[in-house]
Amino acid sequence: MADPSAIWLVLTTEADADRAGTLAEALLQRRLVACVSLTPIHSLFHWQGELTRDNEVQLLLKTSEACLEPLRLALTELHSYDTPEWVSWQVETSPAYGAWARDAVSSDALPPALSETPESGPPAE
């Protein structure tokens with residue numbers, strides 16, 4: 001039986017803040033992720049035989065196990081890179097946060113009520 005407090009994290013990067021934001025919104029609209037954290041980073045990596053240094057935006061995607069494969073396919077479709085980063089791992093969360101994250105990606109999840117304020121939004125991470 002799956003751990004009821006577990007969710008999956010997926011790490012990827014995008015070329016800039018605009019592309020990262022567009023990708024994050026598309027994944028959220030498709031309900032493949034519950035939340036996306038965006039962090040500007042400076043990356044060093046080998047690419048096509050050269051050492052490359054580049055500014056990127058790292059996306060930390062929170063999702064359910066059921067959404068992993070659809071998320072991977074969507075990333076392949078929507079990402080601006082030919083070879084997008086895909087690193088995933090299962091994590092344990094607080095029961096409340098895990099339930100919120102799994103419900104947020106469920107097809108029958110309801111959008112937040114109009115009366116919700118940022119203070120009454122999802123549980124803190």
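Glu 77 is exposed in this predicted model, with a relative accessible area of 53%; exposed means over 50% relative accessible area, buried under 20%, and partly exposed in between (1.4 Å probe, protein chains only). Glu 77 forms a salt bridge with Arg 30, with 3.1 Å between the closest N and O atoms. A salt bridge is taken as a side-chain nitrogen of Lys or Arg within 4 Å of a carboxyl oxygen of Asp or Glu. Arg 30 lies in the loop between α1 (17–29) and β2, whereas Glu 77 belongs to helix α2 (residues 68–78), so the pair ties together parts that are 47 residues apart in sequence. Arg 30 is partly exposed, at 40% relative accessibility. Helices (H or I, at least four residues) and strands (E, at least two) are DSSP runs, numbered from the N terminus.

Because this is a predicted model, local features need pLDDT of at least 70 and side-chain atom pairs count only at pLDDT 80 or more, while totals for chains, interfaces and linings use all residues. Residues are numbered from 1 along each chain as its sequence is written, and side-chain values use heavy atoms, with hydrogens and water left out.

The count of salt bridges comes to two. Besides the pair of Arg 30 and Glu 77, a salt bridge joins the side chains of Glu 69 and Arg 72 (2.5 Å, N to O). Glu 69 and Arg 72 are three residues apart in helix α2 and hence separated by about one helical turn. An α-helix has 3.6 residues a turn, so residues three or four places apart point the same way. Both residues are partly exposed: the relative accessible area is 40% for Glu 69 and 32% for Arg 72.

Helix α2 also has a buried side, made up of Leu 68, Leu 71, Ala 74 and Leu 75. Seen down the axis of α2, these residues fall within an arc of 125°, so they line one face of the helix; the arc is that of the directions from the helix axis to the C-beta atoms. The face turned away from the buried side carries the exposed residues Thr 76 and Glu 77. The buried residues of α2 pack against β1, α1 and β3, where contact means heavy atoms within 4.5 Å.

In helix α3 (residues 95–105), the buried residues are Tyr 97, Gly 98, Ala 101, Ala 104 and Val 105. Down the axis of α3 they fall within an arc of 130°, so they line one face of the helix. Their cover includes β1 (6–14), β2 (35–47) and β3 (50–63).

Within strand β1, Thr 12 is buried at 0% relative accessibility. The side chain of Thr 12 makes a polar contact with the side chain of His 79 (3.4 Å). A polar contact is a pair of N or O atoms within 3.5 Å; within protein, one must be able to donate a hydrogen and the other to accept it, and residues adjacent in sequence count only if both atoms are side-chain atoms. A polar atom of the Thr 12 side chain also lies 2.7 Å from the backbone oxygen of Glu 85. Leaving aside residues up to four places away in sequence, Thr 12 touches several others, including Val 57, Leu 59, Leu 61, Leu 75 and Pro 84. Thr 12 and Gln 58 are 46 residues apart in sequence, with 5.9 Å between their C-alpha atoms.

Glu 56, in strand β3, is buried yet has no salt bridge; the nearest side chain of opposite charge, that of Arg 19, is 9.3 Å away. For this assignment Lys and Arg count as positive and Asp and Glu as negative, with His and the chain ends not counted. The side chain of Glu 56 instead makes a polar contact with that of Thr 13 (3.4 Å). Beyond residues up to four places away in sequence, the residues touched by Glu 56 include Ala 15, Thr 39, Pro 40, Ile 41, Phe 45 and Tyr 81.

Strand β4 (residues 87–92) contains Val 91, which is buried with a relative accessible area of 19%. The C-alpha atoms of Val 91 and Leu 9 are 7.1 Å apart, although 82 residues separate the two along the chain.

Overall, the chain has three helices and four strands, in the order β-α-β-β-α-β-α from the N terminus. Of its 125 residues, 35% count as buried. Among contacts between residues at least 6 apart in sequence, 74% join residues at least 24 apart.
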